[in-house]
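Work through these exercises with the structure open beside you. Try each task before you read its solution.

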Amino acid sequence: MMREGLISPMDSVPVTVERQDIGAPEPAGRPRVGPVTMLATVVLLAFIAIMVWLQYAGSRVEGVDEPERALALIVGRTMDIDEAVSRAPAWERFVYRVTSTDPAEDLEEAIRWYEELAGASFEPAVDLHLAILEGEARRLDSVRRRTEEWDRRADPLPAFARLVGAAYLGADVEEEAGSDLDEALSEALEPGWFRDRIAARLANRVGDQELLAAATAAQAERSNRLLARMRATLAIELVLIGGGLALLVRVVWRRRALDRVSLVVLPPPWRGRVGVLVLVWGGALGATTLTILYLASSLGPDRPYTRVLIGAATNLSFVPLVFLAQRYLLRPSGLGLSESFGLVPSPDGARRLVLVILTLLALGQLGEGVLDLAGRWLGLSAHWTEWFDRDLGWGSRTVVGMTLFDTIVLTPVFEEIVFRGLLFATLRRRFGLGTAAVLSAAIFAVAHGYGVLGFAAVFWSGLLWAWAYERTGSLLPSMASHAADNLMASLSVILVLRG
């Protein structure tokens, strides 16, 4: 998480050729809106309305497979990282506080996420995890009310009440639980942060040094491994942000900061109205393709390879739009795909391409860093469902590889052709660079269905990539930057959640 001859064989609208004073020669004419275009508009608007309704109606967790397992993994690993950072040197703790969230904020956010999940899930483990988080946050009144209610409920909740009460409320450890706390905890909780935290609390209560040592060692092993991974990713981010500051000076002071890579000149040679019609037709056909794929995934077996293949096949929804663009926008101008979108760099452009890509990556990281700081200052955060991917989190290596291929190869190529090569370029027929970039970036961000922070991050990327297309005359820089962004996001999920 787009000139000559007939506009459409369905609407049969002939166009003639004329030269306008902006852009290259283009087919002219006043296309009529025929019944097929009206139907396509209705289909596209209905699809958008349904997607918005599915995104914002009801709980976000309802659209996630195994949300209980997913949230336990996410929260547990976040708490492990916070534990590791608390043992790091003072200067490193300062860097993490500036570039990431405070542990107290992570704990409060985890409680909010679990409260949301508890409202949608009947799994007893969700309530137990929430009680442990509340205990760690010293919300003892809430923990007390929860355990009193559990005592009146069916198993395993009374057993949970005894464990939580003993760990956080000072209640006596039950004789049968005290005889083998490790076994009782193993029956109640999966291995991970939740079990180790309550195990350490109970071990301190009863003086079980063996249990305390085992819980402490398990958490330290996970935390140290995650801290090493976080140091590597943070170093890369800091290098990119530092480069972004330096390159920002270059962009401000040098008008040729982004040199041309290929020969595309905007506005494009096709007529704006024809471009809009192609976008509508292609969007309707794409929406129909996505609907068919969604129904196939819902009715078919829930297998990892099936999910990944269907996810990759969603890129097929862009194929009708690209085909229509080739037929009614590019071919009448005597252009192929590579010429229209600058997919083959000029001899000089090939040498500039690497520097342009690095500039975009650095400015992208710098902008996202500023947005993250602003979001924390305003009390905003991204919801966990926006970035979690179950196939990256616990899929097999083959599934992970297929998912990465889809994310860093297919998606950037198709999305850049559609959103920058077609949508932004068509808007440039009517608007200047700033307005066209803002409109195309907003549509690009809305299509991803994220919250406020996610929308802002995608919007910023869309602005950068539209500007880069205009300045460089090629989609290659934005495709490469898009792929690199998706790769870094995917690796952050893999490095935190796996292993």
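Accessible areas here come from the Shrake-Rupley method with a 1.4 Å probe; for residues, only the protein chains shown count as cover. The model is predicted: local features need pLDDT of at least 70, side-chain atom pairs count only at pLDDT 80 or more, and totals for chains, interfaces and linings use all residues. Residues are numbered from 1 along each chain as its sequence is written, and side-chain values use heavy atoms, with hydrogens and water left out.

**Exercise 1. The whole chain**

Task: Describe the chain by its surface, its buried share and its secondary structure.

Solution: 
- Step 1. Start with the surface. The chain has about 24400 Å² of accessible surface, and carbon and sulfur atoms hold 62% of that.
- Step 2. Buried means under 20% relative accessible area, exposed over 50%, and partly exposed in between (1.4 Å probe, protein chains only).
- Step 3. Apply them. The chain has 499 residues, and 47% of them count as buried.
- Step 4. Count the elements. Helices (H or I, at least four residues) and strands (E, at least two) are DSSP runs, numbered from the N terminus. The chain has 21 helices and 3 strands.

**Exercise 2. Salt bridges**

Solution: 
- Step 1. A salt bridge is a side-chain nitrogen of Lys or Arg within 4 Å of a carboxyl oxygen of Asp or Glu. This rule gives 19 salt bridges.
- Step 2. Take the named pair. Arg 222 and Asp 80 form a salt bridge at 2.8 Å, N to O. Arg 222 lies in helix α11 and Asp 80 in helix α2 (residues 67-86), so the pair ties together parts that are 142 residues apart in sequence.
- Step 3. Check burial. Arg 222 has 12% relative accessibility, so it counts as buried. Asp 80 is buried too, at 1%.
- Step 4. Arg 420 and Glu 416 form a salt bridge, with the closest N and O atoms 2.6 Å apart. Both lie in helix α18 (residues 397-428), 4 residues apart, about one turn of the helix. Arg 420 and Glu 416 are both buried.
- Step 5. Look for shared partners. Glu 66 is partly exposed at 36%, and Arg 69 is partly exposed at 43%.

**Exercise 3. Nonpolar side chains**

Task: Locate nonpolar residues inside the chain and on its surface.

Solution: 
- Step 1. In soluble globular proteins, nonpolar side chains tend to be buried together.
- Step 2. Define the core. A nonpolar core is a set of buried Ala, Val, Leu, Ile, Met, Phe, Trp, Tyr and Cys residues joined through side-chain atoms within 4.5 Å.
- Step 3. Find the largest one. It has 63 residues, and Val 75, Tyr 114, Leu 133, Phe 194, Ile 198 and Trp 384 touch the most other members. Helix α2 gives the largest share, 10 residues.
- Step 4. Zoom in on Val 75. Contact means heavy atoms within 4.5 Å. Beyond its neighbours within four places in sequence, Val 75 is in contact with Ala 110, Trp 113, Tyr 114, Leu 133 and Phe 194.
- Step 5. Turn to the surface. Patches are made of residues with over 30% relative accessible area and no salt bridge: like charges are joined within 9 Å, nonpolar side chains (Val, Leu, Ile, Met, Phe, Trp, Tyr) within 5 Å. Leu 248, Val 249, Val 252 and Trp 253 form a nonpolar patch, with about 460 Å² of accessible area together. Val 252 sits in helix α11 (residues 209-253) and is exposed at 59%.
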